[in-house]
Amino acid sequence: MLTFEVANEVHELVNIYSSFDHEVGGILFGKKDGGVIKIQALSFKHGGKYRIDFTDKDCRIFSPPKGMVILGTWHTHPFQKEPFSSSIDTAQWKKWNNDYVHMVVGEKYSKIYEVKKSFPTSKKIEEVYFEKRI
Ligand SMILES: [Zn+2]
């Protein structure tokens, strides 16, 4: 089971971004320390009203600040008070590096998901962390 530490600055940014009326998102940056994932910074881009994609054209948002690594992705669901991953989300996440985690930000709180391999070749998405905001 993974443990998460989310920096205050990241909390503040997520609170601001969750009020946008369209999807926004980016990459999660920070450090991995054993089983602890420390989310310390975010990159940011605008998406559409109901979806956001991260492609090769977005290379700018994939550069981690000095001393940090890419931990995964994040995006908002402005149309959901309580966020849950869409089938588009889970299909995209299964294509990413398995070590990545993925945060979905709703109006009230965020969830972080992990992609788990399940026998023999399929992958399962699991909710691993739940963060309530003020
Ligand atoms: Zn989504």
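I started with the contacts of Lys 32. Setting aside residues up to four places away in sequence, I found that Lys 32 touches Ile 37 and Val 69. I note that this is a predicted model.

I placed Lys 32 next: the residue is found in strand S2. I then looked up the spacing to Val 69.

Is Lys 32 buried or exposed? I counted Lys 32 as exposed, because the residue has 12 C-beta neighbours inside 10 Å and the cut-off for exposed is 12 or fewer.

I turned to the largest nonpolar core. The core holds 18 residues, and Leu 28, Leu 71 and Met 103 touch the most other members. I listed the elements that give two or more residues to this core: helix H1 (8-17) and strands S2 (24-33), S3 (36-42), S5 (69-76), S6 (101-105) and S7 (109-118). S6 gives the most, with 4 residues.

I followed up Leu 71. Leaving aside neighbours within four places in sequence, I found Leu 71 in contact with Leu 28, Phe 29, Gly 30, Ile 37, Ile 39, Tyr 100 and Val 101.

Last, I looked at the whole protein. I recorded 2 helices and 8 strands. From the N terminus the order is β-α-β-β-β-β-α-β-β-β. The radius of gyration is 14 Å, close to the 14 Å that the globule rule gives for 134 residues, so the protein is as compact as a globular protein of that length. I noted a C-alpha box of roughly 40 × 35 × 35 Å along the principal axes. Of the 134 residues, 26% count as buried. Among contacts between residues at least 6 apart in sequence, 61% join residues at least 24 apart.

How values were computed:
Residues numbered from 1 in each chain as written. Predicted model: local features only at pLDDT ≥ 70, side-chain atom pairs only at ≥ 80, totals over all residues. Core = buried A, V, L, I, M, F, W, Y, C linked by C-beta atoms within 7 Å. Buried ≥ 20, exposed ≤ 12 C-beta atoms within 10 Å, placed from the backbone. Contact = placed C-beta atoms within 7 Å. Rg over C-alpha atoms; globule rule 2.2 N^0.38 Å.
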